[in-house]
Amino acid sequence: MNSNKSNQLQMAMLAALLGSVALVGCKKKEEPAPMPPVASEPVPMQQATTAMATAMVNGVDLGNAVGGDMRVIAPMTSFAPTATIYAAVSTGTSNPAASVASKLGAKWTHIDSNQTVHEETRDLTLAGDGVTDFQINRPDPWPPGRYKVEIMLDGAVVQTREFEVK
């Protein structure tokens with residue numbers, strides 16, 4: 001009789017165990033509670049667009065004259081000693097509708113003597129495509145030799161053009 005009670009007890013425990021497993025398997029999966037939204041102020045579309053836009057220098061042309069559109073009339077790499085030398089810097093923004101505050105600069109160097117002839121930086125607000133010109137001139141003729149102009153955008157040199165005075 002002792003063995004019969006033991007079997008009945010084991011069977012009852014097995015039934016309880018199987019019932020528990022079945023209940024756990026049938027239990028509906030609970031979804032985690034959604035997180036409350038983070039409070040923030042809306043950013044106006046123009047401000048968001050401007051924050052993401054970047055400025056770039058697309059090209060540099062050298063010449064001895066510029067037109068009304070600030071572009072060099074005839075690009076050249078050789079100048080007379082009495083010439084005024086222009087660097088027309090074509091710029092753009094990654095989003096033409098955005099305005100991007102930038103620093104655009106030009107550093108003119110006489111390569112042969114390793115002397116800086118002139119350096120200038122301008123604070124600009126660039127929007128879409130545009131042209132900014134820089135120029136150098138002097139009352140006395142330029143010393144003959146090799147020169148270069150380095151164009152900088154926000155402090156980094158982005159374009160360099162070499163030219164000659166003869």
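How many strands are in the open sheet, and in what order do they stand?

## The open sheet

Three strands make up this open sheet, in the order 1-3-6 with antiparallel pairing. Strands here are DSSP runs of E with at least two residues, numbered from the N terminus, and two of them pair if DSSP finds at least two bridges between them. Strand 1 (55-63) and strand 6 (130-136) are at the edges with a single partner strand each, so one side of each has no neighbour in the sheet. On average, neighbouring strands of this sheet are turned by 25° against each other, direction ignored, with axes taken as lines fitted to C-alpha atoms.

The model is predicted: local features need pLDDT of at least 70, side-chain atom pairs count only at pLDDT 80 or more, and totals for chains, interfaces and linings use all residues. Residues are numbered from 1 along each chain as its sequence is written, and side-chain values use heavy atoms, leaving out hydrogens and water.

## Aspartate 133 in strand 6

Strand 3 (residues 85-93) and strand 6 run antiparallel and are joined by seven bridges. Alanine 88 has aspartate 133 of strand 6 as its bridge partner.

Aspartate 133 is buried without a salt bridge, and arginine 122, the nearest side chain of opposite charge, is 4.7 Å away. Buried means under 20% relative accessible area (1.4 Å probe, protein chains only); a salt bridge needs a side-chain nitrogen of Lys or Arg within 4 Å of a carboxyl oxygen of Asp or Glu.

Notes. Helices (H or I, at least four residues) and strands (E, at least two) are DSSP runs, numbered from the N terminus. Axes are lines fitted to C-alpha atoms, for helices over the stretch in contact, and angles run from 0 to 180 degrees between N-to-C directions. Buried means under 20% relative accessible area, exposed over 50%, partly exposed in between (1.4 Å probe, protein chains only). Lys and Arg count as positive and Asp and Glu as negative; His and the chain ends are not counted.
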